[in-house]
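Please look over the sequence and the model shown here before reading the briefing that follows.

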Amino acid sequence: MQELFYEHDLVRLRGLTLPQHLHGCDLVENLCKSKHLVHMCAESYHSLKSHLQSHQLTMILNVIQERMIIEVFDGAPRSKQELMNKAGATGGEASRAANKSKVLHGVPREPIMATALAQLEEEEIDSLPDDERPKKKKAKKDPNQQSGKRGKSVVVPSAPSLTRLPLPKPREDEVQAKLKSFKESARCTSLGPANLPSICFYSILNTKNSLCAVSISDDASTLAGSFDDSLVRLWSLTNNKLFNMKSPSQLSVIPLSAEDIMDRIIDNSYSNEVITLTGHSGPVYCTAFSPDKSLLLSASEDGTVRMWSLLTYSVLICFRGHNYPIWAVEFSPLGFYFATSSYDRTVRVWSTDHIQPLRILAGHYSDVQCLKFHPNGNYVATGSGDMTVRLWDIYNGQCVRLFTGHKESIQVLAFTPDGHYLASSGVDCSIRVWDLSLAVLVCDFKRHQSTVYSLMFSRDGTILASGGVDECVMIWDTAVFEEEQKRKNASNEGLLGRFLTKSTPIHRLHFTRKNLLLAVGPYINQ
């Protein structure tokens, strides 16, 4: 049964017939440097040991002792399904100690959120007729609130402190943009089995298979496409075209104290439907918008990350650190921080005000294909070609979760908005959902027929959307997470809908703040 999990590794090992073949083989290097970990019940372990000793299979016994770690547990042997849920990773299963650390998976409520909710309540009351307006009552004290004053933060269970990571003081325009985001998200449409999301699909034409990846800004106003000809292209998804900034001579006459300075610096006489960013010397594999949509990051095969201004559409800084192609880049939801993953098997955490990385996260046995920041910004999840998912604490750089079970490379990750669950998928077409607090597998969805490229949870966390090479968007019900966890049985239930495209693989899914689902992909001419 184990040969099914590691068939591709066995095929590679069969081709190594000479000592010279061992040099430069990453699989052999991983097997020599690390030990393969297997969980085994006491009864099975003693049976295996007595069998090897009675038949004098000394060589196999020595290999097990030198190259494997067997963690023995009490109880009955595991079923085939339980083995399938854990096996498949290059380094074997996760050790018991790997998932012992506490994860602060909650998302703290910022003071600005309370302000946004209060403004929404006032706007709703003001919109009512005078005779229908409720009488003002004395506000009751919230037992979870740290202070009775409006604007103070609220204690959320299992959430990190707002000051756990150092952050610069936000600008006034950032505060207003975040306030607008909270207010729009609070008014989003509620989704569920009886109310599936509407889907707006964008097909990118004439790409000639050159489109590498797509990203969409948080406010769903701008789309960025990265291409293998080293270019990045920007499109507007609204009726407003893309405007450039005025010339330096025109900017010099604008007073810095003007309240509408952000509007006055834009040159309305010059606009474009598409803007091309040039600078990389190799294929661009990923792009990422900052939360306030003022910056764009692009990661390339040339081993650099370029940070672009979306006001001047020019490069602000070029980050260098990786020695090999960079597969993914992601901005933290807090802004300021971002992370990159590379073929060099590492993840690096950066800040926009430092040229050198703040953290180097090493532990994967193969290149790190994808990454995703936790909604509270304190953790980053990574998926690798070694078929494992890891969760890293940015504060101390430690790996606090290790999930195994995927049978092929992992291509995409997604967190629920409350930060409780993590979904992962990739080449094995399996969508696995993990509980971060308990470090267990909750669901395993297996309806896709080919590689899954994109996962996205709705703003209210009730819907999971998935898409990939099989040219369809699938909608899943997240309510089954808790149901399956109670039954302790990872199942394939929960599919609410399946929507086919004509001839377009799904590269990106994105829920707007109103819970409209956007899907993007390149049209493939058959």
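**Strand hairpins and salt bridges**

Within the hairpin of S5 and S6, where three residues lie between the strands, Ser-230 takes a positive phi near 75°; helices (H or I, at least four residues) and strands (E, at least two) are DSSP runs, numbered from the N terminus. This is a predicted model, in which local features need pLDDT of at least 70 and side-chain atom pairs count only at pLDDT 80 or more, while totals for chains, interfaces and linings use all residues. Residues are numbered from 1 along each chain as its sequence is written, and side-chain values use heavy atoms, with hydrogens and water left out.

**Strand S5 and its neighbours**

- S5 and strand S6 (residues 231-236) pair in the antiparallel sense over five bridges, where two strands count as paired if DSSP finds at least two bridges between them.
- S4 and S5 likewise pair in the antiparallel sense over five bridges, and their hairpin, with five residues between the strands, has Ala-220 at a positive phi near 60°.
- Ala-224 of S5 is the bridge partner of Ser-215, and Ala-224 also stands opposite Leu-234 in S6.
- Six of the six residues of S5 are buried, buried meaning under 20% relative accessible area, exposed over 50% and partly exposed in between (1.4 Å probe, protein chains only).
- Both faces of S5 are covered, with Thr-222, Ala-224 and Ser-226 buried on one side and Leu-223, Gly-225 and Phe-227 buried on the other.

**Salt bridges**

- The count comes to 14 salt bridges, each being a side-chain nitrogen of Lys or Arg within 4 Å of a carboxyl oxygen of Asp or Glu.
- Glu-29 and Lys-33 form a salt bridge whose closest N and O atoms are 3.0 Å apart; being four residues apart in helix H3 (residues 26-33), the two are separated by about one helical turn.
- Glu-29 is partly exposed at 33% relative accessibility, whereas Lys-33 is exposed at 69%.
- Arg-171 forms a salt bridge with Asp-292, with 3.5 Å between the closest N and O atoms, and this pair links distant parts of the chain, 121 residues apart, with Arg-171 in the loop between helix H7 (111-126) and helix H8 (172-186) and Asp-292 in the loop between strand S10 (284-289) and strand S11 (295-300).
- Asp-218 and Arg-459 meet through their side chains in a salt bridge (3.2 Å, N to O); Asp-218 lies in the loop between strand S4 (211-216) and strand S5 (222-227) and Arg-459 in the loop between strand S26 (452-457) and strand S27 (463-468), so the pair ties together parts that are 241 residues apart in sequence.
- Salt bridges that share partners join Glu-184, Asp-218, Arg-459 and Arg-513 into one network.
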